Amino acid sequence: DTLSPSEKDNDFGKPPLLIRGSKWQSVSTGYSLSEEFTAQIDWVQGIIPLPDIETLNSVIDLIKLPGDQIHQTGNETRVGCVWENWLCTVYGLFVSWDMPTLERPGRALIQIKGAYCSFLGQERLYGICQSLAADFSFRPTRLDFALDDHSKSVTPRQCFEAGKAGN
């Protein structure tokens, strides 16, 4: 029931030092609730079964932005658990995967982070999520949504009280 230290110091509601989702910019093509508010998907992450490398390539081709290309690849990374392989694209799509073996099925973790979501646009992102679910048995493990208050009319106290009320 107490305020956070940052709220006491009047820093509550200011942008954090590290922003992991969409950048604080106007590239968003989210759904406009009014002139004051915009709502959008800000991060999509989930796992697909991976029977073969062709499936992985199809998923990457589905999501990848025009002009984007694979920037880095590597072995063994830790994203919640250890993955055998990973890649990231120039624009920031991140994929980790384990190929199938006789002992276990293959799987891939797809991360479409905030800035990538913004550049895809909400309609295309929604279509990608539908295709991932229908065609690749995508199981979401993280979905972030952003509600931007462009008019700055919602106070930190209103957010705090709404959260306490379970909204």
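I take buried to mean under 20% relative accessible area, exposed over 50%, and partly exposed in between, with a 1.4 Å probe and protein chains only. Helices (H or I, at least four residues) and strands (E, at least two) are DSSP runs, numbered from the N terminus.

**Basis.** I worked from a predicted model, in which local features need pLDDT of at least 70, side-chain atom pairs count only at pLDDT 80 or more, and totals for chains, interfaces and linings use all residues. Residues are numbered from 1 along each chain as its sequence is written, and side-chain values use heavy atoms, with hydrogens and water left out.

**Strand β5.** I looked up residues 94-98 and found five of the five buried, so β5 is largely enclosed by the rest of the structure. In a regular strand the side chains alternate between the two faces of the sheet. I noted that Phe-94, Ser-96 and Asp-98 point one way from β5, while Val-95 and Trp-97 point the other way.

**Neighbours of β5.** Which strands pair with β5? I count two strands as paired if DSSP finds at least two bridges between them. Strand β4 (residues 82-89) pairs with β5 in the antiparallel sense over four bridges, and Leu-87 stands opposite Val-95. The hairpin of β4 and β5 has four residues between the strands, and Gly-92 there takes a positive phi near 110°. Strand β6 (residues 107-112) also pairs with β5 in the antiparallel sense, over five bridges; Ala-108 in β6 is the bridge partner of Trp-97.

**Strand β4.** I found six of the eight residues of β4 buried, so this strand is largely enclosed by the rest of the structure. Strand β3 (residues 70-78) runs antiparallel to β4, joined by seven bridges, and Thr-73 has Leu-87 as its bridge partner in β4. Three residues separate β3 and β4 in their hairpin, where Gly-80 in the turn has a positive phi of about 80°.

**Aromatic rings.** Rings of Phe, Tyr and Trp (its six-membered ring) pair if their centres lie within 6.5 Å; planes under 30 degrees apart count as stacked, over 60 as edge-to-face and the rest as tilted. I found one aromatic pair in the structure. The rings of Trp-86 and Phe-94 have centres 5.9 Å apart and planes at 15°, so the pair is stacked. Trp-86 is buried at 16% relative accessible area, and Phe-94 is buried at 14%.

I then searched for charges over rings (NZ of Lys or CZ of Arg within 6 Å of the ring centre and within 35 degrees of the ring normal). The charged end of Lys-113 sits over the ring of Phe-94, 5.3 Å from its centre. The charged end of Arg-142 sits over the ring of Trp-43, 3.8 Å from its centre.

**Nonpolar core.** A nonpolar core is a set of buried Ala, Val, Leu, Ile, Met, Phe, Trp, Tyr and Cys residues joined through side-chain atoms within 4.5 Å. In the largest, which has 25 residues, I found that Ile-63, Val-95, Ile-110, Ile-112 and Leu-125 touch the most other members. The largest share of this core, five residues, comes from α4.

**Gln-45.** I placed Gln-45 in strand β2. Is Gln-45 buried or exposed? It is buried, with a relative accessible area of 13%. Its side chain makes a polar contact of 2.8 Å with the side chain of Gln-111. A polar contact is a pair of N or O atoms within 3.5 Å; within protein, one must be able to donate a hydrogen and the other to accept it, and residues adjacent in sequence count only if both atoms are side-chain atoms.
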